[in-house]
Amino acid sequence: MSPERLREPLKAVLGARTAGGLKKLGLESVGDLVRHYPRRYGAPGEMTDIAALRLGEHVTVMAQVKSVQVRSMRSRGGAMLEAVVTDGASSLQLTFFAKRAGVLRMHEDKLRAGRTGLFTGTVGEYRGRRQLTHPDYVIVGVDAASEDEAVLEASRPIPIYPATASVPTWRIGRSVRTVLDPLTAEDLPDPVPASALEKRDLPGLREALQLVHVPDTDADWKRGRDRLRFEEAFVLQTALARRRAAHADLTATPRPAKANGLAAALDARLPFPLTEAQVHVGREIAADLERDRPMLRLLQGDVGAGKTVVALRAMAQVIDAGGQAALLAPTEVLAAQHARSLRELLGPLADGGMLTGADGATRIALLTGSLGSKARRQALGEAASGAAGIVVGTHALLSEGVQYADLGLVVVDEQHRFGVEQRDALRERGDRPPHTLVMTATPIPRTVAMTVFGDLETSVLGQRPAGRVDITTHLVPAENEAWLARAWQRVREEADKGHRVYVVCPRIDEDVDEPAETVEPDGDDSEELTLDIADAVATEEPKVPLASVTATVDELARRPELKGVRIGMMHGRLSADDKDAAMSAFASGQTPVLVSTTVIEVGVDVPEATMIVVLDAERFGISQLHQLRGRVGRSDLPSLCLLVTRAEDGTVARERLQALADTSDGFVLAEKDLELRREGDVLGAAQSGGRSSLRLLRAVRDAKVIEDARVAAAEVIDADPSLGDHPALASAVQDWLDPEREAFLERG
Ligand code: ADP
Ligand code: MG
């Protein structure tokens, strides 16, 4: 195997300038570039729908030149070239300016009427006509060496790459061809065994790359794409098969249920009857815990489904059997809140070792990165001695310094924030791996669950506790001052009724460039903007700054509608103490309005919260907004969610928000999300990004390929568990398991 050529830096092959542009797309080595697949293919006869282009959007348009004209501008001096291109129905103007007309002759010579080209630029408007100013462009067939070649090129599918404003798609295409040409099959070790390819009549890797990057026909790129898609599924399924095989060999301590221990006492004091779904899932988990194989179970349940109590009952069973449970939360805010709500559910059962403690009571230790040294020592002591049956915390629970007397169960809350690596680290503690329960509120269609969580059993809490009301969701156009005023008036009414209101902003400060999604320096609280709409909106910065927490706090303080209402503030840059204080003040009603970033996105549970206002809502993804909305409607009080947006009617961004207004079913939304992601792929709309590891594979669409790959992967792993005879596959699997990709895996 000689993958050295793949590791060669692009700088060495293509020069610093070209390599610099490609680096912005995350492409640094030859291997990166040949794996940067075209997003779609254009055919010269197939024009872009010009009428569908949106102002401000960075686009690549395939169109035919209708006319071209150079003229001098008497008023301003200098010269100007105007060309009009058309898709047959609508037209678009291309404008170039220069000091002297001579400079424009070069363009005039290329942009001849009747020729077809790809034009890249940002859609602007001048006197009511849409135009691209100084577009970068390439004319089909013109740069070819001979006429024959020009004819051939003019009939070939044209690869359209994920591109940026600074590196247009054809420059990427040229670079790909430059690095791909000299590569041989030996330079490109194929992770898919020849036998598997043969059986499916799929081409080898070298050929497949040729087919997708330099196709002669549509059939070519489809064949190449199918093979690369299979490869993705195959590598992923091999990784999962290997994990499953490794897991099957592990032994865990069985934690059988006890008839009259902590678990029974807990059930007896629950303030509500369990739902049928909670009872059912509870039985599944109880049975898992009794086995001598470590449980590895994913508990899916929409926000508010009541996952916490399910987890607590499992913890109680483990404690009854002499073990301890660790509960991992993604943020300190959530960890603290979990500790609070577990204590509340357990009541005197959580006061073990104290006078107030009930018989068989345990203790809950909260262990976060920001504890004072005394509190930390005490929590560590309780974990190590076993006095604390439950240890709650963030990643800090994973640090080497935390010892347990007998860790029997690990519960991970909100899976999408955790990497497999961290999950493994915990599982590998102690002599025997603990049982693991992973909870997620991100609805995952079955096929996705299989792709991404193929090594986990899954349980679903499909039913929400009775007595819950639906949340009414409305869109509020940001430019409509009257609606906004009414929205703040509603906030006041909720506050006056003794309810709570969240106001969510996409960033912390007005003047800081970084959006709020940057991970906090201590790596603890991550406020992630899942910009899955980056696909749908132009990548350029909007002209109006995004709503920030600090500016919004100031603005609300000035609004007449909110006069006298106390407003709190919450974001990841606050100290742990300040976060705690802000959360308590909000929960208690002292500050009934809380302006926050997405730190409150997951799990925060304040039953009195009846309203949430999301500013610049189009900046968030569907599933994230669904999570945010889940912060309200947590009691029998009617609740309201307002999505304030500048997205215009008819845009994909607006359609996403409308989908949220139309349904509160997380699974329906998850599917809608997937659908919109593909439909929104108007040529030009979505040309940046493409960093994800699943480049070609889509879990829902490619369910069949995934099943097929799963079978093929199992065959390989059965015969060669260590992959010793499959070095290329082993290294591809290793790539999957590197932390960045793991993180992606976890996100689905
Ligand atoms: P999530 O699944 O989003 O984590 P939680 O576990 O936080 O949801 O539960 C949401 C709220 O519902 C909590 O206040 C919890 O006490 C309450 N709850 C849980 N189960 C029931 C039930 N069976 N009946 C009524 N309320 C319940
Ligand atoms: Mg929760």
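**Close-up views of a predicted model**

**View 1. Helix H19 on its strands.** Helix H19 (residues 549–558) lies across strand E17 (500–504), E18 and strand E19 (593–596). Its direction runs at about 175 degrees to E18; axes here are lines fitted to C-alpha atoms, for helices over the stretch in contact, with angles from 0 to 180 degrees between N-to-C directions. Helices (H or I, at least four residues) and strands (E, at least two) are DSSP runs numbered from the N terminus. This is a predicted model, where local features need pLDDT of at least 70 and side-chain atom pairs pLDDT 80 or more, while totals for chains, interfaces and linings use all residues. Residues count from 1 along each chain as its sequence is written, chains are lettered from A and ligands numbered from 1 in the order written, and side-chain values use heavy atoms, without hydrogens or water.

**View 2. The sheet of 6 strands.** This open sheet has the order E16-E21-E20-E17-E19-E18, with parallel pairing (two strands pair if DSSP finds at least two bridges between them). Strand E16 (471–477) and strand E18 (567–570) each have a single partner strand, so one side of each is left without a neighbour in the sheet. On average, neighbouring strands are turned by 20 degrees against each other, direction ignored.

**View 3. E16, E21 and a helix.** E16 and strand E21 (residues 639–645) run parallel, joined by 7 bridges. Look for Val-476, which stands opposite Val-644 in E21. Helix H22 (residues 652–662) packs on this sheet and touches E16 and E21 (contact means heavy atoms within 4.5 Å). The direction of H22 makes about 155 degrees with that of E16.

**View 4. The sheet of 7 strands.** Here the open sheet reads E11-E12-E10-E13-E14-E9-E15, and the pairing is parallel. Strand E11 (363–367) and strand E15 (457–461) stand at the edges. Strand E10 (residues 324–328) pairs with strand E12 (residues 388–393) over 4 bridges, and Leu-327 has Val-392 in E12 as its bridge partner. Helix H13 (residues 307–320) packs on the sheet, touching strands including E10 and E12, and makes about 170 degrees with the direction of strand E13 (407–413).

**View 5. Around Arg-171.** Arg-171 sits in helix H7 (residues 169–180). At 28% relative accessibility, Arg-171 counts as partly exposed (buried is under 20% relative accessible area, exposed over 50%, partly exposed in between, with a 1.4 Å probe and protein chains only). Leaving aside neighbours within four places in sequence, Arg-171 is in contact with Arg-17, Asp-136 and Ser-166.
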